[in-house]
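Please look through the sequence and the model shown here before reading on.

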Amino acid sequence: PRQPAKTLWYDRPRYVYLEFCVEDSRDVKVVIEDEQLVFSCKNADGVEFYNEINLYARVNSKDSQEKRSDRSITCFMRKWKEKVAWPRITKENVKLAWLSVDFDNWRDWEGDEEAERTMVEQYAEV
């Protein structure tokens with residue numbers, strides 16, 4: 001049986017970020033399309049996780065990446081329309097039990113583009 005991974009998201013001027021919280025993930029598959037993201041993996045106990053998200057707005061799938069760590073898989077997707085805030089990550093205005101805003105990383109955009117660029121460059125170096 002598969003279950004959705006606990007997922008945090010936050011919005012930035014140029015990118016939208018999703019963090020799938022699965023420790024010791026393996027068989028990680030992330031498919032980022034212009035209007036959808038599909039994530040799947042297994043954890044150390046063999047539990048299968050699967051999330052399918054129809055995105056609020058289009059992203060540039062060719063300029064989107066993911067980064068795996070011991071505790072999570074973070075995806076960052078380049079928005080088609082930069083500097084347009086996303087009120088939610090999903091196309092449908094529904095509350096999903098496994099999806100929540102990452103308030104630790106959510107902040108006002110004022111002067112935030114430089115910080116965002118630095119963060120993306122750090123991810124790209126790994």
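Does Asp-45 count as buried or exposed? Asp-45 counts as exposed, because its relative accessibility is 70%. Here buried means under 20% relative accessible area, exposed means over 50%, and partly exposed lies in between, with a 1.4 Å probe and protein chains only. Accessible areas come from the Shrake-Rupley method with a 1.4 Å probe, and for residues only the protein chains shown count as cover.

The model is predicted: local features need pLDDT of at least 70, side-chain atom pairs count only at pLDDT 80 or more, and totals for chains, interfaces and linings use all residues. Residues are numbered from 1 along each chain as its sequence is written, and side-chain values use heavy atoms, with hydrogens and water left out.

The protein holds 1 helix and 9 strands. Read from the N terminus, its elements run β-β-β-β-β-β-β-β-β-α. Helices (H or I, at least four residues) and strands (E, at least two) are DSSP runs, numbered from the N terminus. Of the 126 residues of the protein, 40% count as buried.

Asp-45 sits in the loop between strand E5 (36-42) and strand E6 (48-54). Together with Glu-23, Asp-24 and Asp-70, Asp-45 forms a negative surface patch. Patches are made of residues with over 30% relative accessible area and no salt bridge; like charges are joined within 9 Å, and nonpolar side chains (Val, Leu, Ile, Met, Phe, Trp, Tyr) within 5 Å. Lys and Arg count as positive and Asp and Glu as negative, while His and the chain ends are not counted. The place of a charge is taken as NZ of Lys, CZ of Arg, CG of Asp or CD of Glu.

Asp-24, a member of this patch, lies in the loop between strand E3 (15-21) and strand E4 (26-32). Asp-24 is partly exposed, with a relative accessible area of 44%. Its phi is near 50°, a positive value in a residue other than glycine. Most residues other than glycine have a negative phi. Asp-27, in strand E4, also has a positive phi near 50°.

Next come the salt bridges, each a side-chain nitrogen of Lys or Arg within 4 Å of a carboxyl oxygen of Asp or Glu. The whole structure has 5 salt bridges. In one of them, the side chains of Glu-82 and Arg-14 meet at 3.6 Å, N to O. Glu-82 lies in the loop between strand E8 (73-79) and strand E9 (99-101) and Arg-14 in the loop between E2 and E3, so the pair ties together parts that are 68 residues apart in sequence. Glu-82 is partly exposed at 32%, whereas Arg-14 counts as buried at 16%.

The side chains of Asp-63 and Arg-78 meet in another salt bridge, at 2.7 Å, N to O. This pair links distant parts of the chain, with Asp-63 in strand E7 and Arg-78 in strand E8, 15 residues apart. What links Arg-14, Asp-63, Arg-78 and Glu-82? These four residues are linked in a network of salt bridges.

How many disulfides does the structure hold? The structure holds 0 disulfides, a disulfide being a pair of cysteine sulfur atoms within 2.5 Å. Cys-21 is partly exposed at 29% relative accessible area, and Cys-41 is buried at 2%.
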